[in-house]
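Have the picture open while you read.

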Amino acid sequence: MICTECNSPLTSNSNFCSVCGARVGDAAKGGLQPSAPPPPDDDNADAGPSRAHGRSGGITRALEHAECAICFEPLYTADSAYLADSRGRVCRHFYHHICIQAMPQTNCPMCRSSFERIEKLPKLEENALAWFKAVDLDGNGGLSRQELMDALKTQLPVDWRKLEREMIPSHWDQFDPNGDGSISYDELTRPDGVLAWVKRRFPQGKMAEAPPVTEKLQWFEFWDEDDSGELDQDEVVRALAKTFHYALEPAKVRGLQEMLSSLWVLFDTDGGGGIDKEEFCKADGLGDTIIASTQMM
């Protein structure tokens with residue numbers, strides 16, 4: 001069975017695609033179908049901060065750093081929200097409440113699942129049980145590994161990449177003694193449970209200060225986090241949003257997106273989607289053009 005949202009294989013015991021996060025349901029003839037129709041093919045369609053289903057570099061980095069994929073600031077820095085309809089949550093994804101409220105479309109910006117309402121996520125420290133019920137995506141009374149990681153990222157300032165490397169392969173069994181593959185409310189919140197262990201063991205290190213965009217080479221290399229030698233359009237949007245400190249200001253981030261969309265085709269001459277270091281740093285290249293454009297914004 002294949003998710004018709006992202007074409008990834010689906011497991012029959014899951015209500016949500018493990019790749020794109022869209023909700024699925026039983027189709028009439030035994031297959032699985034997404035809760036929303038596929039997105040439009042029109043390249044100019046308003047798809048929010050990501051294009052269709054492709055995980056751009058900027059969105060990928062946002063997920064890696066546990067950021068809101070709209071403003072690119074860490075999720076834990078503001079109230080989070082999820083998307084829902086009459087059947088409950090429509091996908092796995094969380095955003096800053098203020099950011100998703102400001103978006104014009106009624107589809108999840110990351111997986112394109114349609115939604116009817118935006119629900120603010122309860123605070124873990126204020127009402128742990130309400131938080132647990134809200135993040136229990138399939139409502140089975142336990143959090144899977146994916147549900148746990150997705151949800152904790154909305155609340156805690158910890159090093160998530162280190163946590164995912166260490167907890168899943170080495171420590172999951174100590175918190176899931178009955179081996180059912182999920183974490184119960186008690187296993188999460190008891191004094192020696194998951195929550196206390198995560199806070200104690202994985203404090204988040206302070207991110208290095210980014211150079212100003214006027215230092216073109218240093219700026220490019222700082223934000224080329226995978227050392228690919230290229231930045232795609234959403235990676236540049238994320239980098240500029242963080243450089244200019246546009247936290248919780250989705251309108252300004254959209255302004256960056258619109259500016260870059262109009263400039264990108266002038267510099268991405270091969271249509272590959274990425275701008276390399278030379279194209280960015282050369283005189284009158286993308287870097288100089290961005291600097292001139294942002295000075296007028």
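## Rings side by side

Trp223 is tucked away: its relative accessible area is 4%, so it counts as buried, the cut-off being under 20%. Keep in mind that this is a predicted model. The ring of Trp223 pairs with that of Phe222, with centres 4.9 Å apart and planes at 80°, so the two sit edge-to-face. Phe222 itself is partly exposed, at 24% relative accessible area.

In total, the structure has six aromatic pairs. Take Phe132 and Tyr185: their ring centres are 5.6 Å apart and their planes meet at 80°, so this pair is edge-to-face. Phe132 belongs to helix 3 (residues 128–135) and Tyr185 to helix 6 (residues 185–189), so the pair ties together parts 53 residues apart in sequence. Phe132 is buried at 4% relative accessibility, while Tyr185 is partly exposed at 30%.

There's also an aromatic cluster made of Trp219, Phe220 and Phe280. And over the face of Tyr82 you'll find Arg89, 5.4 Å from the ring centre.

## A look at Ser80

Ser80 sits in strand 3, which covers residues 80–85. With a relative accessible area of 2%, Ser80 is buried. Leaving out residues up to four places away in sequence, its contacts include Leu75, Tyr95, Glu119 and Thr154.

## The whole protein

Zooming out, the protein has twelve helices and eight strands. Of its 297 residues, 49% count as buried. The accessible surface is about 14,300 Å², with 48% of that belonging to carbon and sulfur atoms.

Note on methods. Residues numbered from 1 in each chain as written. Predicted model: local features only at pLDDT ≥ 70, side-chain atom pairs only at ≥ 80, totals over all residues. Heavy atoms only, no water. Helix = DSSP H or I, 4+ residues; strand = E, 2+ residues; numbered from the N terminus. Buried < 20%, exposed > 50% of the residue type's maximum accessible area, 1.4 Å probe, protein only. Contact = heavy atoms within 4.5 Å. Areas by Shrake-Rupley, 256 points an atom, 1.4 Å probe, with all protein chains shown as cover. Phe/Tyr/Trp six-rings, centres within 6.5 Å; stacked < 30°, edge-to-face > 60°. Lys NZ or Arg CZ within 6 Å of the ring centre and 35° of its normal.
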